[in-house]
Structures are given as structure tokens and as C-alpha cells.
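Here is a short briefing on a protein model. Look over the sequence and the 3D view, then read on.

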Amino acid sequence: MPDTQWPRYMVFQQEQPGDVFIHNSTVHAPDAEIALLNARDVFARRPQAYAMWVVPNEAIFTKTREEIENDGWGDMPDSQAPEDFHIFGKTTQQGQLQHLGTQAGATAEDALRQFVESYSGGEIWFWWSFPVSAVTSTADDEAESFFRPFEAHEFKDQANYPVITMMRQIKARGKLEDR
């Protein structure tokens, strides 16, 4: 049976200007622009968002710490024009991937290899590398119009619906039978 899902996009989010981008989750969408809108609708309210990126899943090269230690690196291309790649790393088992920097390279693997060899920031559980050109992002001047309307949507906040507390109060007043 053929896969009928839309392509998968990784969502990266920045809470405040100057914060690092972190990997938030994924969305499915027919294209990157719709993926960005879907990501905003799903993830912009918790935590707060200042900027978002979406990247096609197939554009991301991944390598675990164990793969690097055991298998090393693949063959590097002979002569390919370098481009810039974003490098993300997961610093704890339970943490989120966070943006560690950018690195020029012939491929995502080449850029990642160079970055890993010069990285001195501590242990990384696994790495992601993807071309800067694969990112579809919000613009700084769009933050206000793109994200702020979602802050006022209290109907999305489950704290505004104390259903369990209300049901206990109704039950305590004897208006609801035990079931």
C-alpha cells in the first residue's frame, strides 16, 4: 500500500529574540509554507514563539554518538561547492535538539564531520545537519502578526476548562449519580 501522507517537516522554534532554536516536533503538509502555518497553529502557544523554521525531514542528515564512534564517517565528495549547514545537537537523553551553529561543507555529512571534530561544548547524544537553504522560516518583521494573535486564544488553554473540578463539585452537591 503506498504512503498517502503528506511530507513530514521538522519544526524548530525560538521563544525570544536571541534564544537558540530548538526542535519542537513535526507536522505533515503538502509544502513548506503550509507546514509553517500548521506549525504555528499547533505549537505557537506553548511555549511562546518568536520565530519558527520548518525543514523537510528528508533534508536532515542524522548521526548518533555511537555511529560516529563505531562507524566513523562516509566517503567525502571530491569536489563539490560548499554550502552552509545548520548543526543541531541533543545534549541530554531527555532534552531537545538545539541549534549549535552553522558549518560550511560539501554535504550535510561533511559539514557535520567538520563541526564535530572542532566541537568542545560537551557530550552530544545525537546530531542533525541540514542545509540552510532547506529552511522555510518566519521573518523577524512578521513575529507580531504571525504569533501574537494566538496568545489571546484562551479557548485553547485547558486551564480555562476545569472540568474535573466542576464534576467533583456537582457530584458533591448530589446532582450526579455515581457511575
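Is Asp 31 buried, partly exposed or exposed? Asp 31 is partly exposed, with a relative accessible area of 34%. Buried means under 20% relative accessible area, exposed means over 50%, and partly exposed lies in between (1.4 Å probe, protein chains only).

This is a predicted model: local features need pLDDT of at least 70, side-chain atom pairs count only at pLDDT 80 or more, and totals for chains, interfaces and linings use all residues. Residues are numbered from 1 along each chain as its sequence is written, and side-chain values use heavy atoms, with hydrogens and water left out.

**Overall build**

- The protein has 5 helices and 8 strands. Helices (H or I, at least four residues) and strands (E, at least two) are DSSP runs, numbered from the N terminus.
- Along the sequence, the pattern reads β-β-α-β-β-α-β-β-α-β-β-α-α.
- Of the 179 residues, 36% count as buried.

**A negative patch**

- Asp 31, Glu 33, Asp 140, Asp 141 and Glu 142 form a patch of negative charge on the surface.
- Patch residues have over 30% relative accessible area and no salt bridge, and like charges are joined within 9 Å. A salt bridge is a side-chain nitrogen of Lys or Arg within 4 Å of a carboxyl oxygen of Asp or Glu.
- Asp 31 sits in the loop between strand E2 (22-28) and helix H1 (32-43).

**Aromatic rings**

- The structure holds 11 aromatic pairs. Rings of Phe, Tyr and Trp (its six-membered ring) pair if their centres lie within 6.5 Å; planes under 30 degrees apart count as stacked, over 60 as edge-to-face and the rest as tilted.
- One of the pairs is Phe 12 with Trp 128: the ring centres are 6.1 Å apart and the planes are at 85°, so the pair is edge-to-face.
- Phe 12 belongs to strand E1 (residues 8-14) and Trp 128 to strand E7 (residues 126-131), so this pair ties together parts 116 residues apart in sequence.
- Phe 12 is buried at 0% relative accessibility, and Trp 128 is buried at 9%.
- Trp 128 also pairs with Phe 126: the centres are 6.5 Å apart and the planes at 45°, so this pair is tilted. Phe 126 is partly exposed at 24% relative accessibility.
- Ring pairs link Phe 12, Phe 21, Trp 53, Phe 88, Phe 126, Trp 128 and Phe 130 into a cluster.

**An exposed alanine**

- Ala 81 lies in the loop between helix H2 (65-71) and strand E5 (83-90).
- Ala 81 counts as exposed, at 63% relative accessibility.
- Ala 81 and Ala 104 are 23 residues apart in sequence and 9.7 Å apart in space, C-alpha to C-alpha.

Technical notes. Patches are made of residues with over 30% relative accessible area and no salt bridge: like charges are joined within 9 Å, nonpolar side chains (Val, Leu, Ile, Met, Phe, Trp, Tyr) within 5 Å. Accessible areas come from the Shrake-Rupley method with a 1.4 Å probe; for residues, only the protein chains shown count as cover. Lys and Arg count as positive and Asp and Glu as negative; His and the chain ends are not counted. The place of a charge is taken as NZ of Lys, CZ of Arg, CG of Asp or CD of Glu.
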